[in-house]
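Reader: I am new to this structure and would like to go through it with someone who can say what each term rests on. Could we begin there?

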Amino acid sequence: MAQEVRGVIAPGKNEPVRIETIVVPDPGPGEAVVKVQACGVCHTDLHYKQGGINDDFPFLLGHEASGVVESVGEGVTDVAPGDFVILNWRAVCGNCRACRRGRPWYCFATHNAEQKMTLASTGQELSPALGIGAFAEKTLVAAGQCTKVDPAASPAVAGLLGCGVMAGIGAAINTGNVGRGDSVAVIGCGGVGDAAIAGSLLAGAEKIIAVDIDDRKLTTAKKIGATHTVNSRETDPVEAIRELTGGFGADVVIEAVGRPETYQQAFYARDLAGTVVLVGVPTPDMKLELPLLDVFGRGGSLKSSWYGDCLPSRDFPMLINLYLQGRLDLEAFVTETIALDDVEKAFERMHAGDVLRSVVTL
Ligand code: APR
Ligand code: ZN
Ligand code: ZN
């Protein structure tokens, strides 16, 4: 039987979000209904609300979530009712050209639930943020979006791996391939940049240079594992990073802002044959200008990181286990836990740069 639950809706462009009753259908073939336990507030939710992603209002927001599987549809074998799961927004298909070549983290045909959740009042179909929609007591997803992890993990912490924290850790360990003894610079130390710092620490980087324009962010970055900090409002970050790396530049520079000027800084702050990883998401109007000769002459690789190039089934359980062993401080990313009614306020705090992550707990 379809169920009615409370969820946070973005009704129209730039309108405040509000709680509505939503209808969650029973899971169909390949689907699962998840009782949400926690869901982080991410910039992408705000972008949906502002109409920056698409115009498919109303949106059911929320996508950095963990919870317990309540029921599964026909043919679902990977997860079962009662499993503690982190939701991912890239359920791999197993069949596309990337999957077939053994690179499922690039899957070009990821999927979501087929059925739609609807507004109880009008019957209108909802567009769940990133195919998840987890600012709700329950949500309907594709079973492949559920990744089982150790239930000993706190739900608020686990949920964060579903988006921003995974993007940052993965930018370092998957895309940037940071290794033992490497020097790493991270430009932009919000939730994503700080997670890149945590990932670099985990991977054995020797020097981790945090760059931001906000001293509060640099203080947190240091707590998470940065060995050096640079305020790029006061100091030229390229010069500073070179100085801190024997005059050469860092082996890996991770751009976690998503702007042309910070990308240029990343490009010139890396050593010859080094790696630049772009994990910050630019807007459609942004353009990059670089001397092509420098692109050639400096060698190395310029990479983008989609969702940390993660494979949820491989990375989520592993990172949760490292956290449970005390080797990855995921608690540091939860600035506050809030109620479902507080999402609008959390957007304001996020906008003001006051939080790494506000997490709705249910
Ligand atoms: N130079 C250095 N740091 C900057 C600059 C700049 N020019 N402009 C902004 N920053 C810093 C901010 O001070 C902040 O600490 O970048 C950080 C961005 O952090 P958040 O706004 O918290 O964003 P976050 O969630 O970390 O995401 C970063 O990754 O996934 C993408 O869409 C996301 O583009 C965004 C980026
Ligand atoms: Zn695929
Ligand atoms: Zn997100």
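Reader: How many salt bridges does the structure hold, and what makes a pair a salt bridge?

Author: The structure, which is a predicted model, holds twelve salt bridges, the term being used for a side-chain nitrogen of Lys or Arg within 4 Å of a carboxyl oxygen of Asp or Glu. Local features need pLDDT of at least 70, side-chain atom pairs count only at pLDDT 80 or more, and totals for chains, interfaces and linings use all residues. Side-chain values use heavy atoms, with hydrogens and water left out, while residues are numbered from 1 along each chain as its sequence is written, and chains are lettered from A and ligands numbered from 1 in the order in which they are written.

Reader: Why is the pair of glutamate 344 and lysine 49 called a salt bridge?

Author: The closest N and O atoms of glutamate 344 and lysine 49 are 2.6 Å apart, and the limit is 4 Å, so the pair meets the definition. This pair links distant parts of the chain, since glutamate 344 is in helix H11 (residues 343–351) and lysine 49 in helix H1 (residues 43–49), 295 residues apart. Helices here are DSSP runs of H or I with at least four residues, strands are runs of E with at least two, and both are numbered from the N terminus.

Reader: Which domains does the chain have, and how do you know their bounds?

Author: The bounds come from an automatic or database domain assignment, which gives domain 1 (3–162 + 329–361) and domain 2 (168–305). Taken over C-alpha atoms, their centres are separated by 29 Å. Nine residues from domain 1 and eleven residues from domain 2 take part in the contact, meaning heavy atoms within 4.5 Å.

Reader: What area is buried between domain 1 and domain 2?

Author: About 640 Å² is buried, with carbon and sulfur atoms giving 64% of it; buried area is the accessible area (1.4 Å probe) that two parts lose on being put together, summed over both. In domain 1, Phe333, Gly353 and Leu356 lose the most area to domain 2, together 62% of what that side buries.

Reader: How many salt bridges does the rule find across this interface?

Author: The rule finds one salt bridge across the interface of domain 1 and domain 2. Elsewhere in the list of pairs, arginine 216 forms a salt bridge with aspartate 354, their closest N and O atoms being 3.1 Å apart.

Reader: What makes S1 and S2 a pair of strands?

Author: Two strands pair if DSSP finds at least two bridges between them, and strand S1 (residues 3–10) and strand S2 (residues 18–24) have seven bridges in the antiparallel sense, so they count as paired. The open sheet of five strands runs in the order S7-S2-S1-S4-S8, with mixed pairing.
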